[in-house]
Amino acid sequence: MTDPVTNPHWDVVVIGAGPAGLAAATLLAEQKTSVLLVDEQPEPGGQIYRGIERLQAGSAKAHILGEDYVYGADLVRRFRSSAASYRPETSLWHVTPKLELFVSRGGVAETLQASQLILATGAMERAVPVAGWTLPGVVTAGALQILLKSSGLVADQPVILAGSGPLFYLLATQCLAAGVPIAALLDTAKARHMFGAIGALPRALTGAGPGYLSKGVKLMRALRQSGVPTYRGVEDLQILGENRVSEVQFRSGKRKHRLKAGIVALHEGVVPMVNATRMLGCEHTWDDRQHAFHPVTDTWGATSHAGIRVAGDAAGIVGARGAEHQGGLAAVGALHDLGRIDSARRDRLASAEMRALEAHMTARPLLDRLYPPRAEIKTPGDDIVVCRCENVTAGAVRQLATQGLGPNQMKAALRCGMGPCQGRLCGDTVAQIIADTRGTAPRPSDYYNIRAPLKPVSIGEISTLGERR
Amino acid sequence: MFTRLTQDSAASDQTIEFTVNDRKVVARMGDTVAAALLAAGEMQFRISPSADKPRGPYCMMGVCFECLVTIDGRAGRQACLTAVKSGMQVIIPEGGRND
């Protein structure tokens, strides 16, 4: 490995050590390109393959998490044995148009120069603004999965799982296998979406689709047979408690229910992480099927900004295996832009990746149609806090939207999006409230302008830049 | 609150000690500070200045900033993105505001 500190100039810097970033960095290193992989987490694997390097074959954890998780070990091993450099626990907080990157590790800031940048920053779970979602003890389903993957930690008091979608049902079965006391499963999916999704079924039966579908059917069967109390068509979810969660209240059909809870895990699908591409001013678009914004990219992950590519879920949700192949395509695109390969060689290197990507994408439209986020999540009621950092309600946002104010004016007036998370948790909700008030689909301009730093950095941290230069 | 998978506690799993508000806590190698705090029974990591209410980890992946704690004298560190290390000193509010 090349020493990242002594070599501040890189042919390619890749941000994010999930499947897309790992695949991109490995391929680039194999093609003799100087490549640095920067990642926020202490270990490679992204969220999907977290803790994979410490997984013991045949362990309880391997059994609980299943073969799709274990698959990632090979991806990480290939990356580790490549010549790619790697910097964990490092956050990217600024990128200039000339691709000077500002990163921090453990409170020490530094700059790097890249000729090409590949953003493989993945997805985050869609915000689930419901009453009480800010209480300690309310987490995302992904958070529970992360605790299991990286620390072998499982809840030992009544857990209520509320949500829908592939990751939600997967997490539920993993909790079952791990012996987590699931008090109830609150399924928020609507049965009527089944009918609307039928049109996407034929395509889902091609490529790798049948594999995904049969896994899904098995998951749902395991959940049905588990005996876990399950409520369907759940609406009006409220989480109650004083200084931490104690109960949930909801409606299923016509009946109201109230249940005790120690931990509540929420999940309503995942959305691309767009902060970096927003800050860079890359062109974005609203995806009506995935109900989310994503940067506009071509086959090679190229954005509207020269030298900047996006691969994997950050460019639109494709899943782990799709992300891996998009990482490959972005790497090949970067090699071509660097002048290392001609178009003919690029196309040869890309053909297998393209076929595999297509095969892994056949079931995606079906999943998108089966589990759209419900209206009460997209445009919550007036009392619901949408900006967690600054405690701003949907009602406050709606009132200003009615007066014709945009997202950046709201920032100034309400401080929403101005806290440490910088709009990550409320940006989509605010955009959807604005769009809903206007009566149209969200537009890219309904989302906050994102400015550097992407992560809160202290003056002390910035001053370390001068010492190094 | 949270417990370790019993079948997973292999002999090779190293434990390390760190402190939370001067209380000694045992963590596992590979834990983030946030995971180690949850394993130690802590759920309230900070008091939200805007809401004046306790908050705890929500996403565990660096997005929500609800797990901000003081680590080795440095305030506002994301506990879910920091690997726990032996001798680390973590401070969280105890029964009230801490800032």
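Chain A is divided into three domains: domain 1 (9–124 + 271–341), domain 2 (127–268) and domain 3 (379–446), with bounds that come from an automatic or database domain assignment. The model is predicted, and local features need pLDDT of at least 70, side-chain atom pairs count only at pLDDT 80 or more, and totals for chains, interfaces and linings use all residues. Residues are numbered from 1 along each chain as its sequence is written, while chains are lettered from A and ligands numbered from 1 in the order in which they are written.

The UniProt record, in an unreviewed entry, places the feature "domain: FAD/NAD(P)-binding" at residues 11–326 of chain A; such annotations may be inferred rather than shown by experiment. This span is 29% helix and 31% strand, and its end C-alpha atoms lie 19 Å apart. Helices (H or I, at least four residues) and strands (E, at least two) are DSSP runs, numbered from the N terminus.

Strand 1 (residues 9–15) of chain A pairs with strand 6 of chain A in the parallel sense over six bridges, where two strands pair if DSSP finds at least two bridges between them. Here A:His9 has A:Gln113 as its bridge partner. Strand 5 (residues 100–105) of chain A is also joined to strand 6 of chain A by six bridges, but these two run antiparallel, and A:Leu101 is partnered with A:Leu112. Strands 5 and 6 of chain A form a hairpin with two residues between them, and A:Gly106 in the turn has a positive phi of about 55°. Strand 6 of chain A also pairs in the parallel sense with strand 20 (residues 308–310) of chain A, over three bridges, with A:Ile308 as the bridge partner of A:Leu117.

Turning to the helices, helix 1 (residues 19–30) and helix 4 (residues 72–80) of chain A pack at an angle of about 35° with their axes 9 Å apart. Axes are lines fitted to C-alpha atoms, for helices over the stretch in contact, and angles run from 0 to 180 degrees between N-to-C directions. From helix 1 of chain A, A:Pro19, A:Leu22, A:Ala23, A:Ala25 and A:Thr26 meet A:Leu75, A:Val76, A:Arg78 and A:Phe79 of helix 4 of chain A; residues are in contact if their C-beta atoms, placed from the backbone, lie within 7 Å. By class, this contact has seven nonpolar, one polar and one charged residues. Ala, Val, Leu, Ile, Met, Phe, Trp, Tyr, Cys and Pro count as nonpolar, Asp, Glu, Lys and Arg as charged, and the others, Gly among them, as polar.

Between domains 1 and 3 of chain A, the centres are separated by 29 Å, taken over C-alpha atoms. Nine residues of domain 1 of chain A are in contact with seven residues of domain 3 of chain A. On the domain 1 side, strand 18 (284–287) and strand 19 (292–295) of chain A each supply at least two residues, and strand 18 gives the most, with three. The residues on this side divide into five nonpolar, three polar and one charged.

Finally, 44 residues of chain A are in contact with 38 residues of chain B. Helix 5 of chain A gives the most to the chain A side, with six residues. That side has 18 nonpolar, 16 polar and 10 charged residues. Strand pairing also links the chains: three bridges join strand 9 of chain A to strand 1 (residues 2–4) of chain B, which run antiparallel, and A:Val154 stands opposite B:Thr3.

Definitions and conventions. Contact = placed C-beta atoms within 7 Å.
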